[in-house]
Amino acid sequence: MDFDLFLLFLQQGIVSGLVVGSVYALLALSIVMIFKTSEVPNFAAGEVFMAAGYCALFLLVFQHMPLWVAIPVTLVASFIVAALFRRGVLKQVAKASGSPVNLVIATLGLSYVLKGLVRRTGFGDTPRSFPALISTDSIMIGQASITKLDLSIFITAILVMAAVFWMFAYTKVGRAMRAVGMNPKAAQLMGVDLERIHMLVWGLAAVISAIAALLISPKILMTAEMGSIVTMAFAAAIVGGFMSLPGAVVGGFVIGITENFVGLFISSRAIVVAPFVAIMLVLILRPQGLFGGKFAIKKV
Amino acid sequence: MTMTRRTLARAGLTTLASLGFAAFAASASAQEPGLTPTSIKIGMFAPLSGANMAYGFDVANAAKMYFDKINKEGGIHGRKIEVVLEDDRCNANDLVAAVKKLVEQDQVFLLNGGSCSAAVVAAKEYVVRSKVPLVMLNASGDGALYPPTDYIFGAFSISQYAVGGAMVDFAAKAFGAKKLAYINHDDAYGAWNLEGSKADAETLKVDLAVESVSPTINDVTAPFLKLRASNPDALLIVTYARPAALLIKKAAEMGFNKPIILSVTGTANLSQLTANVGGEAALKNFYVQDVLADLPGGPKIKWVYDMYKASYPDLAAKPDHPQSYMPYGIPSAMSIVKALQAAGPNPTREKVIEEMKKLNFDSGVMAGPVVFGPNERAANKATIFIKFDGKNQTLMPGVFTSRWKYKG
Amino acid sequence: MRIIALLGALALLVALPFFTTGYVVYLANLLLTFTVLCLGMHIVIGEAGQFSLAHAAFYGIGIYVAGISGTHFGTPFPVSMLLGGVAAALVGLVIGTVALRMRDIYLALATFAFGEAMQWVFLNWNAVTGGPNGLRIAPAQLFGLELVTDKHAYPFVVISAFIMLGLTILISRARIGRSFRALRESEVAAQAMGIPVQRAKLAAFGLSAFFAGVAGGMFTLFSTYIHPDSLGFSTTILVLTMVVVGGLGSIGGAVGGAIVFGLISELLRQAPSWQEIAYGTILVLFMMYAPKGLFAFLSDRMGRLRHG
């Protein structure tokens, strides 16, 4: 490979990796938020993302609604469905057993139901898209070419991440969320309404997934299977330590860039396996992830 | 819901009936299962649920409606075709379960099924050992066709070896290409396809720059950049619809202006493709491969779409129906009907197989004829190419195929 | 009461091939294979409380090793199966040595990543696995006896399943089983009781992989073909679902979960357009109202009926 080409690959790999990494980062944020407060890895995160995308598609393309109606409706609907799932289903599951694996299986159940519902509409098979919310004209960064949509995906990911940080760090409700995550009993004693906090976290996590769906459905195209991208988000979350919000975002970028570099410098065949190798390497070198703190043993 | 209840009820009834019928069937037609003086039972299987439903659900429906048409015209030698349909989920374990159920429980005369190549290959040994004819639906299924067996017939859509070779042949003839960028999937389909492409590239002295990607790929930047860096005369895309659209869009974003040729594996829905690649601008120098005799809904094959509407008014009213691969079910069903007719009033599985091997007819639905032979089990190897600019489709002259030959 | 039920089940198993078709026997073979997979997962998750999500990979290793050894080297099938189990166990021990430094979600995701990576290896190691073309498996054989049909394979599948079930019960009753459970309840307490925590974890991990490998060997008795598509995370998840819905932590739950859930999945094939929704709803309802599993739920109901 000559040096010019190497430079081009390097630049494009970083830029494209950051963009696709932002998507992983947004979904990873939604997973980590829920995990921090209820220790449930949400296996339905990908399907919530997918269903939100189809909700937007339905409103925009089939109902011809204007953006200013379709977007809020999608976000609110995602919030409500996720919050109700927490309230109506997971609360009962937690009460009935309390074992995290039962909660995981319940989220898995939700993922099947959502996929089945979307498929029953008949729109789930052909890859689809709705008009991109932002123009897909190309711009150059160095020698790397990206679209304005790509750039806005990246910026949105950063903004959402900042907003989530701010909420967790500086607002009353954010502090309550952290308290619930650290010690639910103590939080309850301090007057925190546990169920309300859980519903809020689930709802907000779904809103973040929905934002991701609105931004990238035109970019990756929608099918009922598009939720499988969540695997990359789990990879991002684990690289970042699974408990850390900035970790999730950095993890997303790491996975995105790794995928591109592996594709460019090793083999296109190896792109799919790169995130898994990254997970294993990170966990072998640092068993609690790049940003994970020292693991505290909870059960005594 | 009605469908569900009906199938459940039928499953229950057949279980009951099979007990009672066992004795009767043994005496009435000891020679061949699934055969009575007034009926002939055909076992169909296809993905009727899940992620791969688009590949087979309506293909099975198409075959079924063709059988219904034959029944209305009086059946075959006075026998009505009775279809038992099973969901194979495109998954090897479930497909084998469906096949074994059809053969052993439902005692069908022959099998007509399979839309997913890798899964249908899993049934090969069992079918051959049980000596049941298997006529595939739309699976290319090359893995079960080469080496040829006595019992399995397929590639009614087209053999993947032929798809790959024809792509190279077309690029070389139409654009005088000497260097081709080629992108396929890392699955069975992709492997067969690449083998066909390599055969033609060798004969035509064309260089192939190959990238293989997973069907689940989300970011196609890396493979595209590498292909572009090989400085090709044309880009051949033999992926499924979604990665194909992503690649075409990426090519437009990066200002790639050489011809792009998309294989039949990715041409599911052309108007949707235009929307997915961000509009007509991305399709300035764009060609698609097709195996149908005409454009979807075009005059030559309009009757297929009309028959679908008449047979399944509820389905036809649903979005995205008929699914794009629907017509592929017709040549498969036609072949069965022709072979059964030729096998005479007292057909046996062996007689039907002998007649299948002799088939050579134009279905009117596909670009090429259905041709089997003593050692040929892949029905179709001919493709056409269409220039598509986002709105209009123009047929390119010539019919293309591969130079690939099975070396057994 | 319980003994009668068990004897009834046993009689049914023995009599099965005499009054049903090969299709039913095929299902039985497949379900028994999944039962052994479930027993393996039961040991590592149910007994020892360690979340390993690489089951499909170990199952795949078992299938490929047993399949290749039988097909290309003509080993008698008990040897092939054992080789499959041992190979899976060895890989399991290596992975376990690295992975068991992690806990909980980290362990789960590390093993998940390993499973996905293995599926990729199965798909791309053409020379050994046949890659995307899949691998053809010759009929299993022993002293000139060839297992060609499902009915031929069935007795040996049943015997293997019973051996593995017996082994599970033995492990559970032995000291090692007690140390597994101590580990599950509290690692700190287990350590305080003098249990070598890391060794016990590794043993659970290796045994579980061995079971999955043997299950892979069982698969080669009645199957002629394997493709990497069937060796992905969805298979692991299916096994996890069976174990949890049957009742996490009980052997009966693992066995019952495999059989009941396997049958549900086969029956749902008759209702294609609703199956995903039905499957998901069943999972959710189980977790809401029968969290300890099917059998705990049933015996609880029965008990209530009996005692008013």
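Guide: A cavity is a set of points on a 1 Å grid over the protein atoms alone where a 1.4 Å probe fits but cannot get out, and its lining residues have an atom within 4 Å of a point. The model is predicted, so local features need pLDDT of at least 70 and side-chain atom pairs pLDDT 80 or more, while totals for chains, interfaces and linings use all residues. Residues are numbered from 1 along each chain as written, chains are lettered from A in the order written, and side-chain values use heavy atoms, without hydrogens and water.

Visitor: What is the area buried between chain A and chain C?

Guide: Contact (heavy atoms within 4.5 Å) joins 44 residues of chain A to 40 residues of chain C. Buried area is the accessible area (1.4 Å probe) that the two parts lose on being put together, summed over both. Carbon and sulfur atoms give 76% of the area between these chains, which is about 3,800 Å².

Visitor: Which side chains meet in a salt bridge?

Guide: A salt bridge needs a side-chain nitrogen of Lys or Arg within 4 Å of a carboxyl oxygen of Asp or Glu. Across the interface of chain A and chain C the rule finds 1. At 2.7 Å from N to O, the partners are A:R119 and C:E276.

Visitor: Which element gives the most to the side of chain A that touches chain C?

Guide: Helices are DSSP runs (H or I, at least four residues), as are strands (E, at least two), numbered from the N terminus. On chain A, α3 (67–96), α4 (100–121), α9 (230–239) and α11 (274–285) each give two or more residues to the side touching chain C. With 14 residues, the top contributor is α4(A).

Visitor: Which element gives the most to the lining of the second largest cavity?

Guide: This cavity has a volume of about 90 Å³. Its lining counts 14 residues, with C:A66, C:G70, C:F77, C:S80 and C:A140 nearest the centre. On chain C, α3 (55–73), α4 (77–99) and β2 (140–142) give two or more residues each. With 4 residues, the element that gives the most is α3(C).

Conventions: On a 1 Å grid over the protein atoms alone, a cavity is a set of points where a 1.4 Å probe fits but cannot get out, and a pocket is an open set with protein on both sides within 12 Å along at least five of seven lines; lining residues have an atom within 4 Å of a point. Grid points are joined across faces, edges and corners, and a volume is the space filled by probe spheres set on the points.
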